[in-house]
Amino acid sequence: MSQLKIAIAGANGRMGRVLIEAVAQHPDTVLSGAIEHAGSDALGLDAGFALGLKTGIAISSDVDAVLAASDILIDFTRPEPTLRHLQKCAAAGVKMIIGTTGFDEAGKAAIQAASKQTAIVFAANFSVGVNLTFHILDTVARVLNEGYDIEIIEAHHRHKVDAPSGTALRMGEVIADALGRDLKQCAVYGREGHTGARDPQTIGFATVRAGDIVGDHTALFATDGERVEITHKASSRMTFAAGAVRAAVWLRGHDQGLFDMQDVLGLKNR
Ligand SMILES: NC(=O)C1=CN([C@@H]2O[C@H](COP(=O)(O)OP(=O)(O)OC[C@H]3O[C@@H](n4cnc5c(N)ncnc54)[C@H](OP(=O)(O)O)[C@@H]3O)[C@@H](O)[C@H]2O)C=CC1
Ligand SMILES: O=C(O)C1=N[C@H](C(=O)O)C[C@H](O)C1
């Protein structure tokens, strides 16, 4: 089988650089393009420049040309560019791995709609460990379904622009679904001042932004006399990048449809 031609959007970003390394390391994939915005200082540089790698691919803002040479686009940027790339990928039949977080409901609906034209894996977190954590949380929430206060605590580096993290929100959705609650109705995002006593039906979120923390997530279930804490800590962005490349290779078997990392790992219905 020929190598899968993968382009990276946000090629000079924290994730973009590691994704370029992950594509170079995988035996079944080859870098076919590297996209940055038209104002980026990195335009024209070799996509491997930050890694000391020579890929032979120059960073470009010509999205159409990059897509014409690619089977799949891996996009870890911001919601607005990702949604622009999504429309182009859907029109060109280029598959997509979307790792960007912070979409609003309209953005998520656009991703769902585009998946009728092309195949997409969309996940707030591509690490195997976090996806196993989602799976475990479903079981934990079903067992601790009464009398436990549920809080989700996340910590990330000082540059992160969205809060709570996509992973924290997904943890909240998994727990709310398991308990038959609607996260939109029961989420509490931070507390200040005279808050009153805790409403037992709520799921609380707390956010830390500091230093170079790659990504820590804890789901806390607390009652009188005990508490259960399920924690995942990422110490390298390669865990996300390797997962995204694994998802791209997995997507070879699909021409349309919207999938997540649970599909890729075979964790659904287990
Ligand atoms: N799903 C997952 O597993 C993970 C998801 N993420 C998510 O990935 C996203 C990116 O994170 P991170 O790499 O830390 O962020 P960065 O800010 O480091 O990277 C984003 C990159 O995208 C570039 N960019 C901005 N606009 C465009 C555009 N129009 N076209 C192409 N590139 C563009 C930025 O350029 P410039 O800096 O010049 O603006 C930057 O190089 C975030 O949403 C984050 O939450 C992160 C880690 C794991
Ligand atoms: O911005 C980040 O860095 C990360 N973002 C993702 C999220 O919002 O959940 C995943 C990971 O935690 C790192």
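The structure is a predicted model, in which local features need pLDDT of at least 70 and side-chain atom pairs count only at pLDDT 80 or more, whereas totals for chains, interfaces and linings use all residues. Residues are numbered from 1 along each chain as its sequence is written, while chains are lettered from A and ligands numbered from 1 in the order in which they are written. Helices (H or I, at least four residues) and strands (E, at least two) are DSSP runs, numbered from the N terminus. Two strands are taken to pair if DSSP finds at least two bridges between them.

An open sheet of seven strands, with parallel pairing, has the order E3-E2-E1-E4-E5-E6-E12. Strand E3 (59–60) and strand E12 (257–259) stand at its edges; each has a single partner strand, so one side of each is left without a neighbour in the sheet. Within this sheet, strand E5 (residues 95–98) and strand E6 (residues 119–122) run parallel and are joined by three bridges, with Ile-98 opposite Phe-122 in E6. Helix H3 (residues 79–92) packs on the sheet and touches strand E1 (4–9), strand E4 (72–75) and E5; the direction of H3 makes about 170° with that of E4. Axes are lines fitted to C-alpha atoms, for helices over the stretch in contact, and angles run from 0 to 180 degrees between N-to-C directions. Helix H4 (residues 105–114) lies across E5, E6 and E12 and runs at about 145° to E6.

Another open sheet is formed by five strands in the order E8-E9-E7-E10-E11, with mixed pairing. Its edge strands are strand E8 (187–189) and E11, each pairing on one side only. On average, neighbouring strands of this sheet are turned by 15° against each other, direction ignored. Helix H5 (residues 128–143) packs on the sheet, where H5 touches E10 and E11, and its direction makes about 165° with that of E11. Strand E7 (residues 149–156) pairs with E10 in the antiparallel sense over seven bridges, and Asp-149 stands opposite Ala-222 in E10. Seven bridges also join E7 to strand E9 (residues 203–209), and these two strands run parallel; here Ile-152 stands opposite Phe-205 in E9. E10 and strand E11 (residues 226–234) pair in the antiparallel sense over nine bridges. The hairpin of E10 and E11 has two residues between the strands, and Gly-225 takes a positive phi near 100° in this hairpin. Thr-218 has Thr-231 as its bridge partner in E11.

Asp-216 is placed in strand E10 (residues 215–223), and its bridge partner in E11 is Lys-233. These two residues, Asp-216 and Lys-233, are 17 residues apart in sequence and 4.4 Å apart in space, C-alpha to C-alpha. Burial is assigned by counting other C-beta atoms within 10 Å of a residue's own: 20 or more for buried, 12 or fewer for exposed and partly exposed in between, with C-beta atoms placed from the backbone. Asp-216 counts as partly exposed because 17 C-beta neighbours lie inside 10 Å. Beyond neighbours within four places in sequence, Asp-216 is in contact (C-beta atoms, placed from the backbone, within 7 Å) with Glu-154, Ala-155 and Lys-233.

Ligand 1 is surrounded by 26 residues, of which the closest are Gly-10, Gly-13, Met-15, Pro-81 and Gly-99. A residue is near a molecule if its C-beta atom, placed from the backbone, lies within 6 Å of it. Helix H1 (residues 14–25) contributes three residues, the largest share of this shell. By class, the shell around ligand 1 comprises nine nonpolar, 13 polar and four charged residues. Ala, Val, Leu, Ile, Met, Phe, Trp, Tyr, Cys and Pro count as nonpolar, Asp, Glu, Lys and Arg as charged, and the others, Gly among them, as polar.

Around ligand 2 are Thr-101, Ala-124, Asn-125, His-156, Lys-160, Ser-165, Gly-166, Thr-167 and Gly-215. This shell has one nonpolar, seven polar and one charged residues. An unreviewed UniProt entry lists His-157, Gly-166 and Thr-167 under "binding site"; such annotations may be inferred rather than shown by experiment, feature names are shortened, and positions are given in the numbering used here. Gly-166 lies in helix H6 (residues 166–179), and Thr-167 is also found in helix H6. Gly-166 counts as partly exposed, with 18 C-beta neighbours inside 10 Å, whereas Thr-167 is buried, with 25 other C-beta atoms within 10 Å. Leaving aside neighbours within four places in sequence, Gly-166 is in contact with Thr-101, Gly-102, Ala-124 and Asn-125.

Technical notes:
Contact = placed C-beta atoms within 7 Å.
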